[in-house]
Amino acid sequence: MPFQYHDGLREEYQTAGFIVLRDLIPAALLTDLRSETDRAREIARREHGEQAQRLQPIYRYPELNPQPFRDFLNLPELQKVVENVLSPEHKQSNIMGVLLEPAEEAWATNWHRDWAHHVQNLSPERFETVKRNLRMFNQLNGALYEDGSLWAVPYSHNRPDTPEELTAFPQNPPSSPAITPEMTSTERERVCLRYARSMPGAVQLLLGAGDVAFYRACMWHIGAYIPYRRRATLHDGFYCQEDLDWQKEMKMFQENYT
Ligand SMILES: O=C(O)CCC(=O)C(=O)O
Ligand SMILES: [Fe+2]
């Protein structure tokens with residue numbers, strides 16, 4: 001049955017830090033989005049090379065028709081989730097992107113919390129406070145093909161790191177998978193898989209075609225990519241005023257440090 005909004009989702013999201021809306025994207029829209037993202041893949045590889053992870057924002061490219069992406073954001077059941085699970089103040093952004101599989105070699109991001117492990121010299125106390133604000137850092141992955149690239153640690157979004165997490169990943173930023181140039185493609189893939197599994201409590205968020213995951217980007221997560229696993233996953237955020245203030249603050253903070 002196609003996805004239908006229900007009230008339990010809000011609590012589930014606030015507790016676990018993520019929810020999956022199964023079977024949300026109608027088949028006809030999925031077809032249109034697949035053909036636009038085929039073009040997006042070509043542009044991404046032309047501009048950023050064969051290993052490109054994403055094209056974002058897609059609205060920047062006149063070759064791409066923005067309409068199916070807008071239609072996705074305007075799906076009534078999606079809007080109900082945004083309004084009731086997040087809030088009526090959470091607005092659509094202009095940063096819609098598409099996440100893609102690498103053309104050549106498997107790789108993975110490091111295990112990270114967005115911002116905490118991306119902004120150099122950010123005070124851990126400051127981040128600890130903002131990540132407790134459930135209105136902030138809300139984003140989605142919408143799978144146009146079956147997608148198992150995203151892994152996350154449920155319940156980690158609004159609590160400090162556990163001793164087990166800090167034992168597994170003591171550094172900031174956390175270490176990356178130990179890929180070396182001598183490795184074969186298969187070895188790289190296996191190293192990334194083992195690395196993804198090495199985080200205590202990690203789960204792989206397996207999305208079917210048309211499923212959409214909402215998650216808080218401040219939770220522990222990772223993207224692990226395999227060239228033979230075709231990927232075109234919509235990636236976007238829904239932000240409220242606190243997010244916009246935070247983004248501005250971080251921009252100024254980073255400018256003062258560089
Ligand atoms: O590929 C994904 O779904 C996750 C990517 C990610 O977490 C990142 O680039 O910060
Ligand atoms: Fe991330």
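**View 1. Asn84 sits in helix 4.** In this predicted model, we start with a single residue and look at what surrounds it. Asn84 counts as partly exposed, because 14 C-beta neighbours lie inside 10 Å, between the limits of 12 or fewer for exposed and 20 or more for buried. Setting aside residues within four places in sequence, Asn84 is in contact with Tyr5 and Arg10. Met1 is 83 residues from Asn84 in sequence, and their C-alpha atoms are 21 Å apart in space.

**View 2. Helix 1 crosses helix 4.** Here we step back from Asn84 to the two helices. The axes of helix 1 (residues 8-16) and helix 4 (residues 76-86) come within 9 Å and cross at roughly 65 degrees. The crossing is right-handed. Helix 1 brings Leu9, Arg10 and Tyr13 to the contact, and helix 4 brings Val81, Asn84 and Val85. By type, the contact of helix 1 with helix 4 has four nonpolar residues, one polar and one charged.

**View 3. Strand 11 is largely enclosed by the rest of the structure.** Seven of the eight residues of this strand (residues 232-239) are buried, so strand 11 has that enclosed setting. Follow its pairings in turn. Strand 3 (residues 91-92) is joined to strand 11 by two bridges, running antiparallel, and Gln92 stands opposite Phe238. Strand 4 (residues 97-100) also runs antiparallel to strand 11, with four bridges; here Leu100 stands opposite Ala232. Strand 6 (residues 138-143) pairs with strand 11 over five bridges, again in the antiparallel sense, and the bridge partner of Ala143 is Thr233.

View 4. One pair to look for is Trp151 with its bridge partner Ile222 in strand 10.

**View 5. Eight named residues surround ligand 1.** For the last close-up, we turn to the ligand. Its surroundings are Leu99, Thr109, Asp114, Asn141, Ser149, Leu150, His221 and Gly223. Five residues of this shell are polar, two are nonpolar and one is charged.

Notes: Residues are numbered from 1 along each chain as its sequence is written. Chains are lettered from A and ligands numbered from 1 in the order in which they are written. This is a predicted model: local features need pLDDT of at least 70, side-chain atom pairs count only at pLDDT 80 or more; totals for chains, interfaces and linings use all residues. A residue is near a molecule or strand if its C-beta atom, placed from the backbone, lies within 6 Å of it. Ala, Val, Leu, Ile, Met, Phe, Trp, Tyr, Cys and Pro count as nonpolar, Asp, Glu, Lys and Arg as charged, and the others, Gly among them, as polar. Axes are lines fitted to C-alpha atoms, for helices over the stretch in contact, and angles run from 0 to 180 degrees between N-to-C directions. A crossing is left-handed if the near helix is turned anticlockwise from the far one by less than a right angle, and right-handed if clockwise. Two residues are in contact if their C-beta atoms, placed from the backbone, lie within 7 Å. Two strands pair if DSSP finds at least two bridges between them.
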